[in-house]
Amino acid sequence: MAGDNAKAFFAYQREINTVMQQRFGVTYSDVKSDLHDDNQLIKTSFDNGVAAPDLAQDIGYQSGFKSVDEKGVDYAAGYNRMKAALLQFASEDNQFRRGNEGTLFLPYDGGVATLYPVHKDDSNRWAFRAELRDGATLTPSMLEIVNEGVVRESFDGWDIEASTDWVQRNVVAVAFDASSQSDEEELASPGFYR
């Protein structure tokens, strides 16, 4: 009986991989290590009788994956691998917040830094776009931007580390600029003596 259950479980995993490949251009096995630390989601869903196609669709939706129907398998696969890497980064970093669509947010005084995949048509490659959006605001749950603000600067990195480092450096620079500006205002205010 245990052998039959193990066979059924492995068949369940194969079906999830097949459905995700067909719908999102990536298998669960391709992105699992970026999305989940263990097999608990699959095991719990299997034990609770969740249909493999339903689970595959839920994983793609929850991860903000693009469907192959939008622009083809290669486009979806590239985007979804980038998105999975962002999700893994968000799970390991306590400053960035993951939004509803899988975009990462880092609020700063006066705006929000964003990080998301972008397709570079000139090279036909995917990059991690980082932006500083002055005046942008998030919902109280920090899951989506309410006001997009104005893009102060942007950077496209081929790897996530380059883009997240850029965000960290520039958020610190924005904080320093704001601090310097308030110091200048304080110096110019009546009653301040040097």
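Modeller: Happy to! One convention first: helices here are DSSP runs of H or I with at least four residues, numbered from the N terminus, and strands are runs of E with at least two. Please keep in mind that this is a predicted model.

The chain has seven helices and seven strands, and from the N terminus on their order is α-α-α-α-α-α-β-β-β-β-β-β-β-α. Of its 194 residues, 39% count as buried. Taking contacts with a separation of 6 or more, 55% join residues 24 or more positions apart. The chain exposes about 11,300 Å², with carbon and sulfur atoms supplying 48% of that area.

The part I would pick is helix α2, which covers residues 28-35. Which of its residues are buried? They are Y28, V31, D34 and L35. Viewed down the axis of α2, these buried residues fall within an arc of 125°, so they line one face of the helix. An α-helix has 3.6 residues a turn, so residues three or four places apart point the same way. On the face of α2 turned away from the buried side sit S29 and S33, which are exposed.

Now for a partner of this helix. The axes of α2 and α6 (residues 73-92) come within 8 Å and cross at roughly 25°. Angles under 35 degrees count as roughly parallel, and α2 and α6 are therefore roughly parallel to each other. On the α2 side, the contact involves D30, V31, S33, D34 and L35, which meet N80, R81, A84, A85, L87 and Q88 of α6.

Q13 lies in helix α1 (residues 2-24) and is buried, at a relative accessible area of 19%. Leaving aside residues up to four places away in sequence, Q13 touches N39 and I42. Q13 and I42 are 29 residues apart in sequence, yet their C-alpha atoms are 7.4 Å apart in space.

Among the strands, T103 is in the loop between β1 (97-98) and β2 (104-108). Is T103 buried or exposed? T103 is buried, with a relative accessible area of 17%. With residues up to four places away in sequence left out, T103 touches K83, R97, R98, T114, L115 and Y116.

For a contrast, look at N124, in the loop between β3 (111-120) and β4 (125-134). N124 counts as exposed, at 57% relative accessibility. Its backbone deserves a glance as well: phi of N124 is near 55°, a positive value in a residue other than glycine.

Definitions and conventions
Residues numbered from 1 in each chain as written. Predicted model: local features only at pLDDT ≥ 70, side-chain atom pairs only at ≥ 80, totals over all residues. Heavy atoms only, no water. Buried < 20%, exposed > 50% of the residue type's maximum accessible area, 1.4 Å probe, protein only. Contact = heavy atoms within 4.5 Å. Areas by Shrake-Rupley, 256 points an atom, 1.4 Å probe, with all protein chains shown as cover. Axes fitted to C-alpha atoms, helices over the stretch in contact; angles between N-to-C directions. Parallel < 35°, antiparallel > 145°, perpendicular 65-115°, else oblique. Arc of directions from axis to C-beta.
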